[in-house]
Amino acid sequence: MFNKLFQNYNEFHVDEIQTNRFQPERFNEVLNSLIDGVEIKQLGESVEGRPIRMLKLGQGTTKVLMWSQMHGNESTATRAILDLLKFHQQPVELAEEWQTVLENLTIYI
C-alpha cells in the first residue's frame, strides 16, 4: 500500500498552497474545494470570530485526532491534511485500501 501511495502522490498532492505562511481565506478556499462528502461540524469560533470546524472521516471504532497549526507558522501538517482530503476524494489506485481505513478508523480533523 505504501509503495502505491508514494507512486501516486502527485495525483492527490494539493499544490495550491506552497508556502508555510498563507492567509486563512486562501486556506478556506482550498479546503472548501476538498470537503465534498466530509462530515463537518462547527465547534465554536475563535476570538476573531472565525469558525472552528471539525471534519470527520470514516466510521471505525478506533478514533484518530489530527490537529494542526497550533502555531501559525507551522503549516506542514495543515498542508498534509489538505493532501489527505484530496486523496479522500479520489483514491483511484488505493480505493480498496482507503475503504478499509475508513471502516476501521474514525478520523477527526
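1. Gly44 is partly exposed, its relative accessible area being 25%. On this scale, buried stands for under 20% relative accessible area, exposed for over 50%, and partly exposed for values in between (1.4 Å probe, protein chains only). The residue lies in strand E1. Helices (H or I, at least four residues) and strands (E, at least two) are DSSP runs, numbered from the N terminus.

2. The model is a predicted one: local features need pLDDT of at least 70, side-chain atom pairs count only at pLDDT 80 or more, and totals for chains, interfaces and linings use all residues. Residues are numbered from 1 along each chain as its sequence is written, and side-chain values use heavy atoms, with hydrogens and water left out.

3. Once neighbours within four places in sequence are set aside, Gly44 is in contact with Arg50, Pro51 and Ile52; contact means heavy atoms within 4.5 Å. Between Gly44 and Met54 the C-alpha to C-alpha distance is 9.7 Å, and the two are 10 residues apart in sequence.

4. Strand E1 (residues 39–45) runs antiparallel to strand E2 (residues 51–58), and six bridges join them. Two strands are taken to pair if DSSP finds at least two bridges between them. Gln42 has Arg53 in E2 as its bridge partner. The two strands form a hairpin with five residues between them, and in the turn Gly49 has a positive phi of about 85 degrees.

5. How many salt bridges does the structure hold? There are four, a salt bridge being a side-chain nitrogen of Lys or Arg within 4 Å of a carboxyl oxygen of Asp or Glu. One of these joins Lys56 and Glu39, at 3.9 Å from N to O. This pair links distant parts of the chain, with Lys56 in strand E2 and Glu39 in strand E1, 17 residues apart. Lys56 is partly exposed at 25% relative accessible area, and Glu39 is also partly exposed, at 49%.

6. Another salt bridge is formed by the side chains of Glu48 and Arg50, at 3.1 Å from N to O. Glu48 is exposed, with a relative accessible area of 58%, whereas Arg50 is partly exposed, at 38%.

7. A further salt bridge connects Glu97 with Lys4, where the closest N and O atoms are 3.4 Å apart. Here too distant parts of the chain are linked: Glu97 belongs to helix H5 (residues 95–104) and Lys4 to helix H1 (residues 2–7), 93 residues apart. Glu97 is partly exposed at 22% relative accessible area, and Lys4 is partly exposed at 34%.

8. Asn8 sits in the loop between H1 and helix H2 (9–12). With 14% relative accessibility, Asn8 counts as buried.

9. Which residues of helix H3 (residues 24–32) are buried? Phe27, Val30 and Leu31 are. Viewed down the axis of H3, the buried residues fall within an arc of 100 degrees, so they line one face of the helix; the arc is that of the directions from the helix axis to the C-beta atoms. Glu25 and Glu29, on the other side of H3, are exposed. The cover over the buried residues of H3 includes E2 and helix H4 (76–89).
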